[in-house]
Amino acid sequence: MMDIKDLYQEIIVDHNRSPRNFGVLEGSDLRLEGFNPLCGDRLTLYLKLDGERVSDIRFDGNGCAISVASASLMTEAMKGRTTAEARAIFDAFHHLLTSPQPPADTASLGKLAALAGVRDYPTRIKCATLCWHTLNALLEGRSTPVSTE
Ligand code: ZN
């Protein structure tokens with residue numbers, strides 16, 4: 001078994017304890033549910049767009065510490081971004097967690113790089129990427145709930 005404490009860097013602990021942008025977003029333009037059957041993480045992502053820009057984003061649901069911290073960090077990183085920027089951040093984050101070689105430069109990811117440690121725990125990668133796949137599906141205009149399986 002993994003030692004979960006290894007994953008809990010300061011940022012992750014903080015964002016799990018007091019998740020940012022948590023709760024229903026009234027008047028959202030888009031909403032989508034995501035589910036990670038492997039762990040039982042469930043979330044609903046709400047998005048409000050101003051043209052091509054993410055003017056507001058929130059999430060709610062129930063999940064493990066990694067899934068909540070990742071959604072909290074993601075919503076923080078997405079506010080005010082254009083949808084094209086959001087997709088670029090998704091790609092960079094996905095690469096960080098799933099590529100055979102971790103990217104040498106994680107500076108562009110800012111606080112999101114705190115989740116890089118999840119790489120070493122393959123069963124938790126879906127916890128960290130659930131909210132991201134849900135966001136990506138929203139941006140692609142999909143309306144069926146996202147499952148990581
Ligand atoms: Zn989980």
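**Reading rings and a zinc site**

Author: Let's start with a charge and a ring: Arg42 sits over the face of Phe35, 4.1 Å from the ring centre. Keep in mind that this is a predicted model.

Reader: Got it. How many aromatic pairs does the structure hold?

Author: There are two aromatic pairs. To read one, look at the angle between the ring planes: over 60 degrees counts as edge-to-face, under 30 as stacked. Phe22 and Phe59 have ring centres 5.2 Å apart and planes at 80°, so this pair is edge-to-face. Phe22 is in the loop between helix 1 and strand 1, while Phe59 is in strand 3, 37 residues apart.

Reader: Is Phe22 buried or partly exposed? And what about Phe59, buried or exposed?

Author: Buried means under 20% relative accessible area. Phe22, with 38%, is partly exposed, and Phe59, with 2%, is buried.

Reader: Why is the pair of Phe93 and Trp132 called stacked?

Author: Their planes are at 15°, with centres 4.2 Å apart, so they count as stacked. Phe93 belongs to helix 3 and Trp132 to helix 4, so the pair ties together parts 39 residues apart in sequence. Phe93 is buried at 1%, and Trp132 is buried at 1% too.

Reader: Which residues are the protein donors of the zinc ion?

Author: For a metal, look for the atoms that reach it. Here they come from Cys39, Asp41, Cys64 and Cys127, at 2.2 to 2.6 Å from the zinc ion. Along the chain their spacing reads C-x1-D-x22-C-x62-C. Cys39, in the loop between strand 1 and strand 2, and Cys127, in helix 4, are 88 residues apart. Cys39 is partly exposed at 36%, whereas Cys127 is buried at 1%.

Technical notes:
Residues are numbered from 1 along each chain as its sequence is written. This is a predicted model: local features need pLDDT of at least 70, side-chain atom pairs count only at pLDDT 80 or more; totals for chains, interfaces and linings use all residues. Side-chain values use heavy atoms; hydrogens and water are left out. Donors are N, O and S atoms within 2.8 Å of the metal (3.2 Å for Na, K and Ca); water is not among the atoms, so sites may look incomplete. Helices (H or I, at least four residues) and strands (E, at least two) are DSSP runs, numbered from the N terminus. Buried means under 20% relative accessible area, exposed over 50%, partly exposed in between (1.4 Å probe, protein chains only). Rings of Phe, Tyr and Trp (its six-membered ring) pair if their centres lie within 6.5 Å; planes under 30 degrees apart count as stacked, over 60 as edge-to-face and the rest as tilted. A charge sits over a ring if NZ of Lys or CZ of Arg is within 6 Å of the ring centre and within 35 degrees of the ring normal.
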